[in-house]
Protein chains: 2
Amino acid sequence: VSSGDEHAAPLVEPSARLTPLDEVERRLAALQDTLAARELDAALILQNADLYYYSGTVQQGFLYVPVVGAATLFARKIVDRARLESPLRDIVALGAARDLPEAIAERHGGLAQRIGLELDVLPVTQFRRLEALFAGATFADVGPDIVRLRAVKSPWEIDRIRAAAALADEVFRLAPGLLEEGLTEAAFAGCVEAEARRLGHEGVIRMRGFNQEMFYGQLLSGASGAAATFLDTPLGGTGLSPAIAQGVSFKPIRRRDHVLFDFVAVREGYIADFTRILALGRLPRELARAYDAALRVQEVVKTTARPGVTCAAVWAAAETAAEKEGLAAGFMGRGEGKVRFVGHGVGLELDELPVLTRSDLELAEGMVFALEPKFVLPGLGAIGVENTWHVTAVGIEALTRAPEDVVEVAP
Amino acid sequence: VSSGDEHAAPLVEPSARLTPLDEVERRLAALQDTLAARELDAALILQNADLYYYSGTVQQGFLYVPVVGAATLFARKIVDRARLESPLRDIVALGAARDLPEAIAERHGGLAQRIGLELDVLPVTQFRRLEALFAGATFADVGPDIVRLRAVKSPWEIDRIRAAAALADEVFRLAPGLLEEGLTEAAFAGCVEAEARRLGHEGVIRMRGFNQEMFYGQLLSGASGAAATFLDTPLGGTGLSPAIAQGVSFKPIRRRDHVLFDFVAVREGYIADFTRILALGRLPRELARAYDAALRVQEVVKTTARPGVTCAAVWAAAETAAEKEGLAAGFMGRGEGKVRFVGHGVGLELDELPVLTRSDLELAEGMVFALEPKFVLPGLGAIGVENTWHVTAVGIEALTRAPEDVVEVAP
């Protein structure tokens with residue numbers, strides 16, 4: 001795919017997979033079913049992850065999805081790029097946001113009266129502008145509907161997540177060769193991330209939750225893993241300053257330190273989440289025992305999770321298994337830092353459904369989640385394992401496939 | 001600063017500079033003046049960048065700022081970490097968000113009736129929860145006020161940005177040694193970013209604008225610089241896929257390619273923005289001419305910008321200078337990709353005030369902005385220069401200081 005002129009820069013990376021039309025059509029049809037069930041006339045999609053999901057592009061614009069009929073992408077910047085990236089047939093250039101109601105009315109024979117918006121992510125100011133623009137219309141929140149619909153992935157999406165998972169596997173295969181005694185966590189992370197970039201890691205990790213932020217994951221050595229922080233995650237890390245307050249620090253990785261290698265891979269927008277353990281020298285016995293416990297908790301979840309099982313049942317199985325290991329206090333964090341889930345959906349965002357917590361949501365074929373049984377041990381740090389799994393017809397299957405043995409690197 | 005136990009992980013990186021109490025007090029006093037002028041009883045600060053600015057921590061919580069009297073940080077996760085990070089004296093542990101009104105009433109002798117919120121960034125769902133929680137109160141948008149107040153930096157903040165600028169300078173000093181013919185943009189970026197991480201780059205680049213995203217900046221070689229995208233920036237890049245649609249691609253950097261090295265540095269939460277030019281071999285003549293033009297546009301702005309001058313005057317001076325160079329068509333992008341500013345404020349977010357555009361805002365001492373005269377040349381890519389400047393009493397002074405000569409690397 002190119003912009004036509006052979007001397008011009010391509011607007012789309014030649015190796016990139018464009019979202020196929022049938023993918024987008026199926027997704028839009030499912031959204032339209034929801035709009036019908038909620039008696040909405042249309043949805044207007046704005047947020048990058050959702051826009052990409054329903055249109056194949058994140059070029060600035062508004063995706064108008066009527067309850068019946070073809071969706072229109074009103075594209076602003078860059079219109080030609082949107083046309084190259086998106087499989088949608090109806091892409092209309094829009095001059096300014098204020099022209100949107102008229103453009104919709106013209107294209108769709110009138111204006112919707114009840115419009116669904118992503119109110120879970122749309123800032124109030126943005127929302128009020130739309131309210132003023134669509135005077136007389138009423139608005140409903142379709143954010144949670146979209147989140148629910150996006151939780152079930154197509155085979156095409158699972159292939160994308162498989163590619164992200166393969167990136168995580170490959171980066172971890174290279175990691176032991178990069179680890180040296182005395183490197184700071186920050187320096188080691190830099191070496192690892194350089195490999196990830198070369199292999200096609202896209203950097204930007206989208207999160208839906210307000211104030212949630214993530215940069216490549218958490219690479220935490222020794223006791224660092226026990227430093228909890230503001231995030232809705234079991235681990236945080238000291239970080240380089242209170243301004244960011246997570247992730248690597250300038251602590252040197254020392255002999256007998258282990259490295260919790262929690263790595264978020266992003267390829268073509270899709271995310272895989274992954275944790276393995278490296279150790280500089282021999283992994284201390286107490287940590288080794290806890291790591292084996294994490295593998296057993298993972299095994300319990302693996303035999304529990306399948307379509308029709310609730311997230312609550314999976315969480316209960318994991319929690320019970322952790323208790324049986326005698327490690328309940330440090331399971332998924334300690335004290336204030338403890339979180340009440342053992343896994344979370346991944347896809348175009350890092351914080352998707354299903355959340356493996358006390359929730360009635362049932363697992364369904366096509367869902368994809370990261371399962372991350374982890375323990376925080378006072379003074380020793382954090383340890384655990386994490387794979388990205390997809391729910392098959394009969395159970396769950398790992399997309400991340402790197403061997404789970406602790407990799408001991410000679411100091 | 002440590003959490004007390006010598007075997008525990010520090011919650012604050014020992015080298016990190018905590019925000020001094022007098023900084024926070026002065027900032028809060030200025031916000032209180034604004035609250036008084038707007039006849040608001042209080043502000044409730046939630047968003048990470050603002051929370052850090054006014055409290056020195058991003059630990060989960062609500063910062064309650066009454067129009068008169070001491071602010072209270074109602075901290076949720078992690079309370080001990082908030083206490084270590086924040087210089088505020090009044091930090092109260094809050095169990096759940098629903099307990100907030102009662103906790104405020106108890107601490108402040110009653111509930112505010114008119115409350116300022118960051119409605120420019122707060123999602124609608126979040127806002128509605130607060131509306132329900134504070135039944136009877138009315139809410140006003142203080143987001144734009146905070147943005148305006150944050151635009152003027154203290155000497156302490158300018159020192160922080162100076163440290164970020166020094167990081168950008170140092171990374172660029174190392175960059176020529178990392179450039180090799182045949183490396184993809186992605187691989188070269190990885191090498192550069194590894195150095196940045198080692199030196200303390202924090203990764204997360206906060207942006208206030210909805211849907212705006214950035215990962216280290218834009219490292220674009222040859223014609224890549226001409227690939228415009230959705231961002232409110234003059235350049236975009238092909239990117240690795242339409243899902244992210246910006247930044248580096250798998251294009252190899254070839255003999256005679258130049259590299260536009262647009263690099264965003266983050267240290268202790270503060271940002272510096274920076275662009276220099278590398279070339280593999282000799283920079284083609286047309287690009288060299290445009291680069292010299294960019295330097296002259298920068299020089300014109302440098303002699304124009306000082307306290308009391310409007311952003312519009314600076315923008316007009318830059319635009320006129322670009323026209324005189326005969327390069328108006330490609331100035332700050334081409335066609336749809338053109339943006340109507342030549343610079344933007346930086347601080348805790350990449351997209352701050354002042355925006356050097358047709359705006360009445362006057363420059364004031366203490367403001368910090370990135371000035372980025374750039375040209376897009378069809379088929380050749382983009383070229384230009386960018387420094388981060390602070391407004392002094394009499395003019396502007398560069399915080400980024402790397403030499404501005406094009407660095408030609410032998411292929």
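Between chain A and chain B there are four salt bridges, a salt bridge being a side-chain nitrogen of Lys or Arg within 4 Å of a carboxyl oxygen of Asp or Glu. One of them joins Arg197(A) to Glu193(B), at 2.9 Å from N to O. This is a predicted model, in which local features need pLDDT of at least 70 and side-chain atom pairs count only at pLDDT 80 or more, while totals for chains, interfaces and linings use all residues. Residues are numbered from 1 along each chain as its sequence is written, chains are lettered from A and ligands numbered from 1 in the order in which they are written, and side-chain values use heavy atoms, with hydrogens and water left out.

Now the interface as a whole. Chain A puts in 88 residues and chain B 88 residues, with contact meaning heavy atoms within 4.5 Å. The buried area is about 7100 Å², and carbon and sulfur atoms give 57% of that; buried area is the accessible area (1.4 Å probe) that two parts lose on being put together, summed over both.

Next, cavities. A cavity is a set of points on a 1 Å grid over the protein atoms alone where a 1.4 Å probe fits but cannot get out, and lining residues have an atom within 4 Å of a point. Grid points are joined across faces, edges and corners, and a volume is the space filled by probe spheres set on the points. The second largest cavity holds about 180 Å³.

Technical notes: 1 Å grid on protein atoms, 1.4 Å probe; cavity = no way out; pocket = protein on both sides within 12 Å on 5 of 7 lines; lining within 4 Å.
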